[in-house]
Amino acid sequence: MKRGKMKKLLVTLILAVMMVSIIGCSGNSESSGEASGGDGNDKVTIRFSFDQGVGEPTQKIVDKYNESQDKVHVETVILPQDANVVHDDFVNKLASGDTSVDVMALDVVYVAEFAAADWLEDLGQYFDESTQSKYLPGTIEGATYNGKLVAFPWFTNASVLFYRQDIIDQLGVEVPTTYQGWMDLQEKVKGLDEIKYVSNFQAAQSEALVCNWVEYIWNNGGEVLDESGSPVVNTAINVEATEIMLDLVENYSPEGITTYNEPESEQVFLDGKSLFIRDWSGFWNSANAEGSKVAGKVGATTLPIGPNGEAPHSALGGLDLVINKFIDDEQKEAAVDFLKYMASEETQKEMTLISAQPPVLKSVYEDADVLAEIPFYEKFYGIIEGGKSRPMSPKYAKVSDAIQRNIHQALSGEAEVKDALDQLQSELEELNK
Amino acid sequence: MEGKLPTSPLKNTHRKISKTSLEKKEARDAWIMMSPAIIILLLIAVYPIIRTFWISLHEMVLTDPSSGYPFIGLENYVKIFNDQRAMDSIIFTLKFTVVTVFFELLLGFGAALLMNKAFIGRGFVRASILVPWAIPTTVSALMWKFIYNDQYGLFNDILTRFHVIDSYQAWLSSSSGSFMALVITDVWKTAPFIALLTLAGLQMIPKELYESAKIDGANKFQIFLNITLPLVKYTVIVALLFRTLDAFRVFELITVMTGGANRTESLSVYAYNNLMKFLDFGYGSAMSMLIFGVVFLISLIYMKALGSKLTDF
């Protein structure tokens with residue numbers, strides 16, 4: 001009798017808890033469902049999620065969009081400025097089929113992974129070939145998976161070689177275009193100003209190392225994957241490229257370079273201790289900002305090339321806009337409208353002016369207003385045009401991890417370069433199966 | 001001496017009254033009142049464990065939905081023991097746990113003995129020794145990462161001032177340097193925890209015991225061995241239990257300071273990578289279950305060491 005009562009009570013309580021959670025869930029979908037109700041006057045509300053790094057300018061653009069028309073209303077969901085946190089948040093939502101966000105700003109390297117998991121809406125039907133051709137080819141390529149346009153580029157990012165123009169002028173030499181050329185300056189710059197190191201880049205075991213390493217490979221004429229997508233890592237020219245990198249680490253860079261990400265390497269350059277730094281385009285602003293010891297003394301150029309290299313290539317970064325596949329058709333229609341607005345010439349130009357993020361639309365780089373505001377873009381367009389995407393793979397996280405571990409071991413002297421590349425080759429082959 | 005400790009009087013009274021109907025009603029009310037807590041506990045603690053175990057029996061790679069996530073039994077567990085990287089991370093984790101817990105015990109116990117003595121400024125010392133423990137792990141890891149910096153680090157500055165080294169070193173760029181740096185940081189942060197618990201144990205020892213030992217003519221060493229140590233033993237074991245479990249699950253410290261580079265990838269870090277980075281939920285869950293199992297085992301061993309004393313306190 002009493003046991004029965006107890007059971008009843010337990011069941012009631014469990015039911016209560018479940019009810020609360022169900023109400024909680026439906027509360028969410030109801031609010032968006034209500035907004036999308038076909039009342040004619042009601043706006044369709046879509047939610048756009050992106051990271052704090054571009055928070056302020058993006059909010060301005062979104063506000064302007066909301067004012068501009070009466071069909072769609074965009075709400076923003078801002079995440080912390082940390083690529084990993086953003087990735088994990090999106091994974092959590094999409095893996096559970098959540099529809100609380102409609103549009104997401106996704107780091108370009110994760111596009112293939114999300115597309116392979118079948119989480120992204122195919123955008124090919126909304127942006128035809130002629131529209132696509134107006135944008136930088138590298139960025140469209142990065143938004144395409146298995147021949148389908150699964151994302152749309154929002155803005156891009158490329159690496160640049162920043163160097164001390166004043167030192168080069170003092171020496172009276174040309175800006176070197178090869179790694180060897182920079183190394184040869186070591187003897188000459190010793191004792192000039194406070195320069196202690198010729199070279200400076202990011203060699204900590206992290207995504208930044210992947211970007212740096214693929215650039216050494218490309219700039220010596222090598223590739224990570226061949227045309228068919230099979231790994232071709234341990235070729236002679238790749239070994240040569242990695243050995244150049246190791247030489248720079250051991251003899252021309254700060255002692256702790258294998259522990260450096262962007263902030264640590266930037267600090268060394270800002271303190272006037274290194275002749276050059278390989279960094280992302282946005283560093284131009286911080287290098288010339290108040291408080292920088294090198295403000296006004298910085299030049300920017302393409303990355304150096306190796307003995308087998310023909311043209312310099314930078315690794316491309318940036319964000320793409322994607323649409324959640326699980327939302328209903330009405331939401332999708334609104335999301336596409338918003339995407340088209342974000343990709344339009346007017347918005348691309350405005351975003352460039354207020355955020356200094358490199359746009360993806362070719363015409364913006366020729367715009368007089370933009371060039372007047374950011375003169376550096378004239379040089380930068382060539383750099384971006386020669387930019388390449390990191391190897392596309394649905395298993396990108398594993399590819400990246402394998403590169404990070406093996407190359408880091410080679411650079412920190414725990415493994416021979418050839419052995420590390422052989423090991424990397426076999427790990428990538430294993431992943432390719 | 002332990003046997004002389006009074007046993008809890010509650011046990012006897014409990015047995016006597018539980019036969020009355022009043023007590024029965026009270027027991028029932030207690031269950032009713034506890035049920036929300038029990039349900040919540042089932043939902044947030046037991047359910048995820050069962051669910052994780054269930055996932056660990058499947059091949060579930062989220063980037064490959066076409067596979068249909070088949071049931072593969074214990075294959076993921078077998079995989080762990082054939083995975084060199086997993087084995088390396090287990091060895092690193094065990095090494096890290098043993099070394100840090102050893103130094104933490106040594107330092108923590110020593111600090112507690114010192115703080116138990118009356119001296120000027122004791123309150124200040126007690127408060128300040130707790131500061132490292134109060135700082136969140138991520139923050140202290142970031143702080144120490146900067147201390148070990150090869151250009152601006154305090155560590156290099158001090159060592160060169162005292163002529164221990166000639167020029168600045170990059171401490172986090174080698175395996176041995178990274179291991180040492182991680183151990184120092186962890187010991188710095190958590191030895192105060194052992195000190196605090198041990199101090200509480202020391203203060204519970206009745207003064208009379210020391211007085212009578214002195215009257216009996218025992219020297220300091222004998223007093224320490226025969227009174228202090230046996231009476232503080234169980235508190236220290238409880239502190240050690242917490243520390244061993246925490247050290248075995250070490251995560252933020254490594255993520256922030258080395259990112260798992262230079263052979264410092266702990267089992268938790270590798271499990272996290274499999275789950276959140278590679279989206280390999282099956283394998284990552286198997287690894288999480290392994291961590292859960294080991295942590296459970298460690299707890300059991302310590303409980304055994306504590307014996308019935310745990311329930312007596």
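**Close-up 1. Helices H4 and H9 of chain B.** The axes of H4(B) and helix H9 (residues 175–203) of chain B come within 6 Å and cross at roughly 45°. That angle makes H4(B) oblique to H9(B). The crossing of H4(B) and H9(B) is right-handed. By class, the residues of this contact are 20 nonpolar, six polar and three charged. The model is predicted: local features need pLDDT of at least 70, side-chain atom pairs count only at pLDDT 80 or more, and totals for chains, interfaces and linings use all residues. Residues are numbered from 1 along each chain as its sequence is written, chains are lettered from A and ligands numbered from 1 in the order in which they are written, and side-chain values use heavy atoms, with hydrogens and water left out.

Terms for the helix views are as follows. Helices (H or I, at least four residues) and strands (E, at least two) are DSSP runs, numbered from the N terminus. Axes are lines fitted to C-alpha atoms, for helices over the stretch in contact, and angles run from 0 to 180 degrees between N-to-C directions. Angles under 35 degrees count as roughly parallel, over 145 as roughly antiparallel, 65 to 115 as roughly perpendicular and the rest as oblique. A crossing is left-handed if the near helix is turned anticlockwise from the far one by less than a right angle, and right-handed if clockwise. Ala, Val, Leu, Ile, Met, Phe, Trp, Tyr, Cys and Pro count as nonpolar, Asp, Glu, Lys and Arg as charged, and the others, Gly among them, as polar.

**Close-up 2. B:Leu107 and its contacts.** B:Leu107 lies in helix H4 (residues 84–116) of chain B. Leaving aside neighbours within four places in sequence, B:Leu107 is in contact (heavy atoms within 4.5 Å) with B:Val187 and B:Ala191. B:Phe193 is 86 residues from B:Leu107 along the chain, and their C-alpha atoms are separated by 10 Å.

**Close-up 3. Helices H10 and H11 of chain B.** Helix H10 (residues 207–215) of chain B packs with helix H11 (residues 220–248) of chain B at an angle of about 165°. Their axes are 11 Å apart. H10(B) and H11(B) are therefore roughly antiparallel to each other. Their crossing is right-handed. H10(B) brings B:Leu209, B:Tyr210, B:Ala213 and B:Lys214 to the contact. H11(B) meets them with B:Ile223, B:Ile227, B:Thr228 and B:Leu231. By class, the contact of H10(B) with H11(B) has six nonpolar, one polar and one charged residues.

**Close-up 4. Helices H2 and H14 of chain B.** Helix H2 (residues 21–56) of chain B and helix H14 (residues 281–306) of chain B pack at an angle of about 130°. Their axes are 7 Å apart. H2(B) and H14(B) are therefore oblique to each other. The crossing of H2(B) and H14(B) is left-handed. From H2(B), the contact takes B:Ile49, B:Thr52, B:Phe53, B:Ile55 and B:Ser56. From H14(B) come B:Phe281, B:Gly282, B:Ser285, B:Ala286, B:Ser288, B:Met289 and B:Phe292. By class, the contact of H2(B) with H14(B) has seven nonpolar, five polar and no charged residues.

**Close-up 5. B:Ile39 in helix H2.** B:Ile39 is found in helix H2 of chain B. At 7% relative accessibility, B:Ile39 counts as buried. Buried means under 20% relative accessible area, exposed over 50%, partly exposed in between (1.4 Å probe, protein chains only). B:Val232 is 193 residues from B:Ile39 along the chain, and their C-alpha atoms are separated by 37 Å.

**Close-up 6. Positive phi at B:Arg263.** B:Arg263 has a positive phi of about 55° although it is not a glycine. The residue sits in the loop between helix H12 (252–257) and helix H13 (267–277) of chain B. B:Arg263 counts as partly exposed, at 49% relative accessibility.

**Close-up 7. Positive phi at A:Asp118.** Phi of A:Asp118 is near 65°, a positive value in a residue other than glycine. A:Asp118 is in the loop between helix H4 (111–116) and helix H5 (129–132) of chain A. A:Asp118 is partly exposed, with a relative accessible area of 39%.

**Close-up 8. Helix H18 of chain A.** Helix H18 (residues 396–411) of chain A is mostly covered: 14 of its 16 residues are buried. At 1.5 Å a residue, the 16 residues of H18(A) should span 22 Å. The expected span is 1.5 Å times one less than the number of residues. The end C-alpha atoms of H18(A) are 22 Å apart, which agrees. Just after H18(A), A:Gly413 takes a positive phi of about 80°.
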